[in-house]
Amino acid sequence: MQTDTIIYIVIAALTALLLALFQYAYKSKLNTQLKTTLTVLRTISVLGILLLLINPKFESKTFYDEKPTLVVAIDNSESVSYLEQKQNATEIYQLLNGNSEIKKRFNVDTYSFGKALKPIDSLNFSEQQSNISNSLKQIGEVYANQVAPIVLLTDGNQTYGSDYSFVSNTVKQPIYPVILGDSTIYTDVSIKQLNVNRYVFLKNKFPVEVIANYNGNETVNTELKIWSGNSLVFRKAIQFNAEKTSEIVSTTLLANSVGVKTYKVELTPLNQEKNTVNNSKNFGVEVIDQKTNIALVSDILHPDLGALKKSIESNEQRSVSILKPNEYIENTNDFQLVILYQPNNNFNKVLSGISDKNLNSFIITGNTTNFSLLNNSQSAFKQTVTNQSEDFQPKLNRNYSTFIVDNLSFEDYPPLQSEFGTIEFSVPNDVILSKSVNGIDTNQPMLSTFEIGSTKHALLSGEGLWRWRAQSFLESESFNDFDNFIGKLVQYLSSNKKRTRLNIDYKSFYNGNDDVIITAQYFNKNYEFDNSAALTIVLKNKEDNSVREVPLLLSNGSYSVDLSGISSGSYDFTIKHNTESVAASGSFEVLEYNVEQQFLNADVEKLQSLAKNSNGNAVFNTEIEDLISELLADSRYATIQKSTKNIVPLIDWKYLLGIIALSLFAEWFIRKYNGLI
């Protein structure tokens, strides 16, 4: 309590006493006992009221012990079971979680992980992917402000995510890997990697690259074969030895029919080879009979051109040619879609040709666009010409209904620069993105699609798309999200299909261990997105004719179903509305491949590197007692005594109000009883 406050309390006490003495002692004819009682009661009442006005604050400290946290994360993927470490992992978990000395020294938090990190419910070692890196990063974020060493029970064989060896750069906790498995080298041949394009064109040859690996010290001979069904389409003899442990085999195969084609690559097993699962791998390609050619017409050089070309050509079914206006005019019939980037005076013939030939188009405007020419050459929209530019942020319209838009965080994307002024459409248009300034929606379209007769068109008001593609990479360490968005827009514009009330989005085939997710959008008769529809997918396995029905769930403006974990094979499916006669069908294939069964050993070197980089220590599963002793003896994990300082103002002390009320009542009652009132 401060000195000033103490002085005020002393003054208040003297004041209360003097007032009470003045009223009951000065020239008073009351007897001594009554006089004393009333003086004391009045002093208490006045002092209590003055203390409330002064409102002094009282400090109190409570001390407590804070133990460090021991995080135990267990690899729940299939590879642990495949390496016959399931029992070891379970026993070590129970030992750490039940050790009395560990519990006395640490607060123990336990997690399991496969592709994602989750609190331990049960251990079944059935996860089809393992992402060690992401799991450690999530633990590091949760315990960023604590002392929390991490005990990691794993074989170190990661099948998904970035390299975890250097995760200690972001996870500021010591990591203690418990290695499930051994470092014994078994003689083994395996297919390490398979590189092939997803799409190929009819009657074309497509490249296949196979990386074959060998573990062992002896000279061995094997043979690499590629099968298409029961037909052998390629074979090559390979020899390995202690110095030659890898070979890259490249060949080309002919695509002679349209559709999904599956192949199998295999290496002939060695004598007494322990693991033959990793000797073979299936792959698929989708054979298509034509390629979508897109003209990107521009009279200027701009980074947006490269970003658009990269995004569109990320789908191998599409090819982009960057042309000058006069070059495009000479080859108009070679393209299914034309993208006009910032049309100027040289685009006069290009714009008139699009109108005369009823071509699909995508117009992108910016600072060098001639809006007078653009307004006069078409009648779908008019842009107010102000000759002033402005930076506009994109705002996603989640009710856009023409095609499925992924849930991108456009609000965090950099602004595009476009003409300041309004855009007025004379035809019905659907807005994908609207313009906003400082978080305020201007209700002006930034990206719109519209149809004129049988043709489809889009308008983007703004330049700087290359920044969006870069931002997509910064957010997800991949260009896929942005490229998929542009790809869907281009697919819509280059297609002549009529609009339907039920749109579905899926892949023609999925590799083993991929997420099998199918999405759909359902619209009412006015083509407005219906978020109350009841949709069901009927899935039929072509091989055994088994049928299962699964409801679709609404999420982020579309309906989706996750079929991950279904067995390999060919499937037909139909998505239908439960009460209306609206349905859409498709088919896909799941290729047989289990990435978790490709390993023979624990990845000892990488786990030891992880421990070293994080100031931890890697041990084998037989050394768990040594690890427990090390954790208990490490001075970094000492219990810390901390204190909590509480400051409580007197006005919060409710008993003081009761004392004041009680003293006033007692004073009134005594005076009343003695006839002084």
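Helix 15 (residues 654-673) has 20 residues and spans 29 Å from its first C-alpha to its last, close to the 28 Å expected at 1.5 Å a residue. The expected span is 1.5 Å times one less than the number of residues. Helices (H or I, at least four residues) and strands (E, at least two) are DSSP runs, numbered from the N terminus.

This is a predicted model, where local features need pLDDT of at least 70 and side-chain atom pairs count only at pLDDT 80 or more, while totals for chains, interfaces and linings use all residues. Residues are numbered from 1 along each chain as its sequence is written, and side-chain values use heavy atoms, with hydrogens and water left out.

**Exercise 1.** Find which residues of helix 15 are buried, and work out why they line one face of the helix.

*Solution.* Step one: use the cut-offs, with buried under 20% relative accessible area, exposed over 50% and partly exposed in between (1.4 Å probe, protein chains only). The buried residues of helix 15 are Leu 656, Ile 660, Ser 663, Glu 667 and Ile 670. Step two: look down the axis of helix 15, where its buried residues fall within an arc of 105°, so they line one face. The arc is taken from the directions from the helix axis to the C-beta atoms. Step three: turn to the face away from the buried side, which carries the exposed residues Lys 654, Tyr 655, Leu 657, Leu 662 and Tyr 673. Step four: see what covers the buried residues of helix 15; the cover includes helix 1 (3-24) and helix 2 (32-54).

**Exercise 2.** Describe helix 2 and say what its buried residues pack against.

*Solution.* Start with length: helix 2 has 23 residues and reaches 32 Å between its first and last C-alpha, close to the 33 Å expected at 1.5 Å a residue. Next, pick out buried residues; among them are Leu 34, Leu 38, Leu 41 and Val 46. The buried residues of helix 2 pack against helix 1 and helix 15, where contact means heavy atoms within 4.5 Å. Finally, check what follows: Asn 55 comes after helix 2 and has a positive phi, near 50°.

**Exercise 3.** Explain why strand 14 (residues 280-288) is largely enclosed, and find which strands are joined to it.

*Solution.* Count first: seven of the nine residues of strand 14 are buried, so the rest of the structure largely encloses it. Then look for partners, remembering that two strands pair if DSSP finds at least two bridges between them. Strand 8 (residues 199-201) runs parallel to strand 14 and is joined to it by three bridges; here Val 200 stands opposite Val 287. Strand 13 (residues 259-267) runs antiparallel to strand 14, with eight bridges, and Val 265 has Lys 281 as its bridge partner.

**Exercise 4.** Give the order of strands in the five-stranded open sheet and name its edges.

*Solution.* Read across the sheet: the order is 27-34-33-29-30, and the pairing is mixed. The edge strands are strand 27 (509-510) and strand 30 (547-551), each pairing on one side only. Within the sheet, strand 33 (residues 569-577) and strand 34 (residues 583-590) run antiparallel, joined by eight bridges. Tyr 571 stands opposite Phe 588 in strand 34.

**Exercise 5.** Decide whether Ser 643 is buried, exposed or partly exposed, and list its contacts.

*Solution.* Locate Ser 643 in strand 36 (residues 640-649). Its relative accessibility is 41%, so Ser 643 counts as partly exposed. Leaving aside neighbours within four places in sequence, Ser 643 is in contact with Thr 62, Phe 63 and Tyr 64.
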